[in-house]
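Me: I would like to learn how to read the features of a structure, one at a time. Could you walk me through this one?

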Amino acid sequence: MTWLRRLSAGDGTSRIVCLPYAGGNGSIYESWTKWLPPEVELWAPYLPAREERMLEAPVEDMELLVGTLLDELGGDERPTSLFGHSFGSLVAYELARRLQKRSLPVRALVASGMPAPQTLPPRSVPTDAEILASLRSHGVAPAEFFQQPELLELVMPGIRADYGMAMGYRYREGEKLSARVFALGGTEDAQVPAEALAAWAELAQGDCPTRMWPGGHMYLLSHVEDVATFVINSHRQSIEG
């Protein structure tokens, strides 16, 4: 079974691949198809240990996650841009690095809700209680979600694995990205202030525009159309030069 799935209808001449936050899945981007032009496809991963793949073992190794997505992406030479939110930004960045090494550089990398990778300090893997507290504070799920022990038991393996990969991530120096890099965030996200977003510019060969919307870490859930449109337009502009 492949991990990447096309969310949009029809065949396009270019594509945007969206990576989800920790514990998320490709389905969070399905609404973005409403704002897609016909020539652009939208793709996202549907990963083990969530939704219809809930009973599968989660991916716990960043290299395996990125490598599997790389193999699926690398066989298609159409212009490609990557978007990731939070943990998904780290995955998108590592994908962009590896695609560039394969002489298949992405056109745009849009990183959201994540400090630049080279600024991240060593972090310890949180306990389940700390993970749940983080999810509550970010507003990832409604309050009822945290009051269903049987549901939590099902979803925690995937969430736990993503948090483990995020906290275990260690930046390694390498070639700067030829892709246009954009950094997005929420004005009330204390963990990702404007200066943490600005540091993404150090990883790009060109400039790195930043854009912030009102809200906290999950600001994009309240500004779906604005964020989707920004990413789509950034992709198109990067193709057009």
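Reply: Gladly, and let us begin with strand pairing. Two strands pair if DSSP finds at least two bridges between them. Here strand β2 (residues 14-19) is joined to β3 by four bridges, and the two run parallel. Before we go on, please note that this is a predicted model, where local features need pLDDT of at least 70 and side-chain atom pairs count only at pLDDT 80 or more, while totals for chains, interfaces and linings use all residues. Residues are numbered from 1 along each chain as its sequence is written, and side-chain values use heavy atoms, with hydrogens and water left out.

Me: Which residues in β3 are the bridge partners of Ser-14 and Ile-16?

Reply: Ser-14 has Val-40 as its bridge partner, and Ile-16 has Leu-42.

Me: Which strand is joined to β2 by five bridges?

Reply: That is strand β4 (residues 80-85), which runs parallel to β2. One of the pairs to look for is Leu-19 with its bridge partner Gly-84 in β4.

Me: How does strand β1 run relative to β3, parallel or antiparallel?

Reply: Strand β1 (residues 4-6) and β3 run antiparallel, joined by three bridges. Across this pairing, Arg-6 stands opposite Trp-43.

Me: How are the elements themselves assigned, and how many helices and strands are there?

Reply: Helices (H or I, at least four residues) and strands (E, at least two) are DSSP runs, numbered from the N terminus. The protein chain has six helices and seven strands. Read from the N terminus, their order is β-β-β-α-β-α-β-α-α-β-α-β-α.

Me: Now a residue in a helix. Which residues does Val-231 touch?

Reply: Contact means heavy atoms within 4.5 Å. Val-231, in helix α6 (residues 224-240), touches Ile-16, Trp-32, Phe-83 and Val-110, not counting residues up to four places away in sequence. Val-231 counts as buried because its relative accessibility is 3%. Look also at Ala-111: it is 120 residues from Val-231 in sequence, yet their C-alpha atoms are 9.9 Å apart in space.

Me: And Leu-154, is it buried or partly exposed?

Reply: Leu-154, placed in helix α4 (residues 149-168), is partly exposed, with a relative accessible area of 42%. Leaving aside neighbours within four places in sequence, Leu-154 is in contact with Met-54 and Leu-55. Its C-alpha atom is 8.2 Å from that of Ala-49, which is 105 residues away along the chain.

Me: What is the phi of Ala-49?

Reply: Phi of Ala-49 is near 75 degrees, a positive value in a residue other than glycine. Ala-49 lies in the loop between β3 and α1 (62-73), and is buried at a relative accessible area of 3%. Ser-86 also deserves a look: its phi is positive, about 55 degrees, although it is not a glycine. Ser-86 is in the loop between β4 and α2 (87-101), where it is buried, with a relative accessible area of 14%.

Key:
Buried < 20%, exposed > 50% of the residue type's maximum accessible area, 1.4 Å probe, protein only.
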